[in-house]
Amino acid sequence: MHSLPLPLAAFLAGILSFLSPCVLPLVPGYVSLISGASVEDVQTESKPLLGRVMLHSLTFILGFSLVFIALGAVATGVGQLANEYHNLLAKVAGIIVIVFGLHLTGLLKIKALYADKRMHDVKGGATAWGSFAVGFAFAFGWTPCIGPILATILVLAGAQETVAKGVLLLAVYSLGLAVPFLLTSLGVDRFLGFYTKFRRHLHTVEVVSGVLLIAVGVLIFMNNLKLLSGYLSFLNRFAL
């Protein structure tokens, strides 16, 4: 299971994206939008409604996952085409990731990443196909907010030897974003209780994410991403 660490890092990146300040507080609203029911109705957890919420949540997840996976395939393809300039591109990519990390820590503010582009007016969640369309649209709407973390995973995908590996990395990232969303769909009441306690830590999540991105950016700049696998290699025992 030598290939475990990078996918694991991608999965954790998906969870961090879910916990970001511009995604986490709005999750109940997303569930309401794609289910066509109010948050209060969803909280009742009636079985017919819960079934609809789960179905629509799955198609919503499929929508945004398709976008992210396609971006992963493109990033890997571009990375392979640009192999001749690998060293230069690694330094440029490393600098970009470090800048994103500084943004998340608050040491450097990038105004464009604070833009509100969550597409609140997107409609279509009344059917499963509508929820898929909403998920597809929201993948682009989320990009300014989760951009630093997503961009880092795309850089890692661009460094993969095959398109399949890049696609896998973004699929696992999408899974990290999807799992907590599904858990929320199963229990909005419990999510609201969790959020009440957790929201005080949102800034800490951002800072920790920023520090991690800076570290990864330095490794990319030094063309030494293999160190990341080395640091995480002890986790291989859990895959046995």
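The legends below walk through several close-up views of a predicted model. Local features need pLDDT of at least 70 and side-chain atom pairs count only at pLDDT 80 or more, while totals for chains, interfaces and linings use all residues. Residues are numbered from 1 along each chain as its sequence is written, and side-chain values use heavy atoms, with hydrogens and water left out.

View 1. Helices (H or I, at least four residues) and strands (E, at least two) are DSSP runs, numbered from the N terminus. Along the sequence, the pattern reads α-α-α-α-α-α-α-α-α-α. The protein chain has 240 residues, of which 45% count as buried; here buried means under 20% relative accessible area, exposed means over 50%, and partly exposed is in between (1.4 Å probe, protein chains only). A contact means heavy atoms within 4.5 Å. Take the contacts between residues at least 6 apart in sequence: 79% of them join residues at least 24 apart.

**View 2. Helix 2 is largely enclosed by the rest of the structure, because 7 of its 9 residues are buried.** Those buried residues are V27, P28, Y30, V31, S32, I34 and S35.

**View 3. Helix 2 (residues 27–35) meets helix 8 (residues 188–198).** Two packed helices are described by the angle between their axes and the distance between the axes. Axes are lines fitted to C-alpha atoms, for helices over the stretch in contact, and angles run from 0 to 180 degrees between N-to-C directions. For this pair, the axes come within 10 Å and cross at roughly 160 degrees. Helix 2 and helix 8 are therefore roughly antiparallel; angles under 35 degrees count as roughly parallel, over 145 as roughly antiparallel, 65 to 115 as roughly perpendicular and the rest as oblique. Their crossing is left-handed, meaning that the near helix is turned anticlockwise from the far one by less than a right angle. Look for V27, P28 and V31 on helix 2, touching V188, F191 and L192 on helix 8. The residues of this contact are 6 nonpolar, no polar and no charged. In this scheme Ala, Val, Leu, Ile, Met, Phe, Trp, Tyr, Cys and Pro count as nonpolar, Asp, Glu, Lys and Arg as charged, and the others, Gly among them, as polar.

**View 4. Helix 2 also packs with helix 7 (residues 163–186).** The axes of helix 2 and helix 7 are 10 Å apart, at an angle of about 70 degrees, so the two helices are roughly perpendicular to each other. Here V27, Y30, V31 and I34 of helix 2 meet F181, T184 and S185 of helix 7. This contact divides into 5 nonpolar residues, 2 polar and no charged.

**View 5. E161 and K165 form a salt bridge.** The term stands for a side-chain nitrogen of Lys or Arg within 4 Å of a carboxyl oxygen of Asp or Glu. The closest N and O atoms of E161 and K165 are 3.3 Å apart. A search of the whole structure finds 1 salt bridge. E161 is exposed, at 56% relative accessible area, whereas K165 is partly exposed, at 42%.

**View 6. R199 sits in the loop between helix 8 and helix 9.** R199 is partly exposed, with 48% relative accessibility. R199 and P21 are 178 residues apart along the chain, yet their C-alpha atoms are separated by 8.3 Å.
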